[in-house]
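User: I'm new to this one and would like to be walked through it piece by piece. Could you put it up and start with how the elements are named?

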Amino acid sequence: MTRKLLLTYLITVLLTSVYAQNVYDEIRSNPLVSASNYMAYPGPAQQMLTPAPKGMTPFYVSHYGRHGSRYHNKPSTYNDPYNTLARADSLGKLTATGRDALHRLDRIRHDAENRWGDLTPLGAEQHRAIAQRMYDRFPEVFADHADVNARSTAMGRCILSMEYALAQLLRNNPQLNVHHNATHRDLEYLNFQDKEMAHLKFNKPAMALLDAYAQRRSDYSHLMQTLFSDTAYVRHHVNAAELSTQLLLVAAIMQNTELGREVTLYDLFTTDELYRVWQKGNARWYIGWGAAPVNGGVQPYSQSNLLRQIISDADRCIDSEKPHVTLRFGHETVLLPLLCLLDVNGYGQTISDLEQLEQHGWVNYRIFPMAANLQLVFYRRHPHDRDVRFKVLLNENEATLPLPTDTPPYYKWSDFRAYYLKKLESYEKNFQKKPESYEKK
């Protein structure tokens, strides 16, 4: 085994051991990870990347990134749990801890007032840092007057994420030839939402499966006893499952805000409670955006347009003699099915038994935290070299694809192009007429 392959092997073993860590233990040691898609971006675990194949240098980066840390989108997310506790408090039904939680919720909801869905300072810093590491890791791509083509959905937090990233790149090289836009015209691939698939994802069989899974995780007695002084009041007037989820949504978002340095709600929950609610959310993300067989296993194909755009953009930049960067900014509901469509790190697998999700590596906070991103980094020996290689970075860590390669983690672009275009064509041929599982329920 060559030194380079040995290095790759050791990095793979290291990352696998990290990812194989028991989720329950991980939540116990760091409750913040139970936030699922609201977890703040942790930064790359892999600091040293595998050296490029001999004689090859990077010339193109293709990227899709989720917006950075934000506030919740709706005031009701903050107000609903507050109102539930406030109503109980007016009747003298809260414990001392419940009253304290009510005061914290009041402070949190006022901090979020009129910031619904806004990018936070931490979200801005995440994208500055990601852009800086991209520049530092692949300086050849950002040399001289390299073209940087950036596109964002028309959502404010996505536009600002793009602008913070671009500003950081321009600080490093003011000569970059930057083109950026946020137009509805690009939504066909930046944030395409297939209406038929959206209806299918939570069909009757899928909801029955989710409901049964959730029912096995429906013990809220500790939290209710912590907050309320009257069990009869809870039984008749409080939806324990709903309140538990609502409180955890508020707890989860706090790590993304400035106030989160001072206020937490995680102390209200045991590790068991955090783990159970996280499991329900994890299963819902798999059913709704993964290749879940219960609803036909086709949800990842909702991002066929984006994958075709990625291929088209790469082909165009490969034909150019100068370095290029394509930056795309959007949402986790696009990035996640794209990762499943590509089967990055095995995330495209079909898992029938929801109890087996964690054993199969489906752990949502490791896939799409705030500012999650996919980078394809392209290499060649000279501008006319057609033996183009590339590697995949998920959240800035080297990742795998279901393709053969003699230079891991580098793959041949020709293999990628042939494999995924065939995959898309096969899907379009076989699912143009909807199968039974695709029919509206």
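Analyst: Helices and strands here are DSSP runs numbered from the N terminus, a helix having at least four residues and a strand at least two. Please keep in mind that this is a predicted model.

User: Okay, then where does Arg 217 lie?

Analyst: Arg 217 is found in the loop between helix H9 (204-215) and H10, and helix H10 covers residues 221-227.

User: Is Arg 217 buried or exposed, and why?

Analyst: Arg 217 counts as buried because its relative accessibility is 7%, and buried means under 20%.

User: What does the side chain of Arg 217 make polar contacts with?

Analyst: A polar atom of the Arg 217 side chain lies 3.1 Å from the backbone oxygen of Tyr 213, and a polar contact of 2.6 Å links the side chain of Arg 217 to that of Glu 355. Once neighbours within four places in sequence are left aside, the residues in contact with Arg 217 are Arg 276, Gln 279, Lys 280 and Glu 355.

User: And how far apart are Arg 217 and Ala 206?

Analyst: They are 11 residues apart in sequence, and their C-alpha atoms are 17 Å apart in space.

User: Switching to strands, what does E2 pair with?

Analyst: E2 pairs in the parallel sense with strand E3 (residues 177-181), over five bridges, and also in the parallel sense with strand E4 (residues 324-330), over six bridges. On the E3 side, Val 148 has Val 178 as its bridge partner, while on the E4 side Ala 150 stands opposite Leu 327.

User: What do E2, helix H6 and E3 make together?

Analyst: Together with helix H6 (residues 156-172), the strands E2 and E3 make a right-handed β-α-β unit.

User: How many of the residues of E2 are buried?

Analyst: Five of the six residues of strand E2 (residues 147-152) are buried, so the strand is largely enclosed by the rest of the structure.

User: New topic: how many residues are in the largest nonpolar core?

Analyst: The largest nonpolar core has 59 residues, and those with the most contacts inside it include Leu 307, Leu 342, Trp 413 and Phe 416. Helix H15 (residues 332-342) gives the largest share of this core, eight residues. A second, separate core has 47 residues, among them Val 23, Ile 253, Leu 259 and Leu 265.

User: What is Phe 416 in contact with?

Analyst: With neighbours within four places in sequence left aside, Phe 416 is in contact with Leu 307, Ile 311, Leu 342, Phe 390, Leu 401 and Leu 403. Leu 307 and Ile 311 are among the buried residues of H14.

User: What do the buried residues of H14 pack against?

Analyst: They pack against strand E1 (57-66), helix H7 (187-190), E4, H15, strand E5 (373-380) and helix H17 (413-431). H14 has 15 residues and reaches 21 Å from its first C-alpha to its last, close to the 21 Å expected at 1.5 Å a residue.

User: And what covers the buried residues of H4?

Analyst: The cover includes helix H3 (75-90), helix H10 (221-227) and helix H12 (240-253). The buried residues of H4 include Gly 98, Leu 102, Leu 105 and Ile 108, and just after this helix Asn 114 takes a positive phi of about 60°.

User: Last one: where is the place of Pro 293, and is it buried or partly exposed?

Analyst: Pro 293 sits in the loop between helix H13 (271-289) and helix H14 (304-318), and at 37% relative accessibility Pro 293 counts as partly exposed. Setting aside neighbours within four places in sequence, Pro 293 is in contact with Tyr 286, Thr 350, Ile 351 and Ser 352.

Terms used: Residues numbered from 1 in each chain as written. Predicted model: local features only at pLDDT ≥ 70, side-chain atom pairs only at ≥ 80, totals over all residues. Heavy atoms only, no water. Buried < 20%, exposed > 50% of the residue type's maximum accessible area, 1.4 Å probe, protein only. Contact = heavy atoms within 4.5 Å. Core = buried A, V, L, I, M, F, W, Y, C linked by side-chain atoms within 4.5 Å. Pairing = 2+ DSSP bridges. Right-handed = clockwise from strand over helix to strand, strands pointing away. Polar contact = N/O pair within 3.5 Å; in protein donor to acceptor, adjacent residues only side chain to side chain. Expected span 1.5 Å × (residues − 1).
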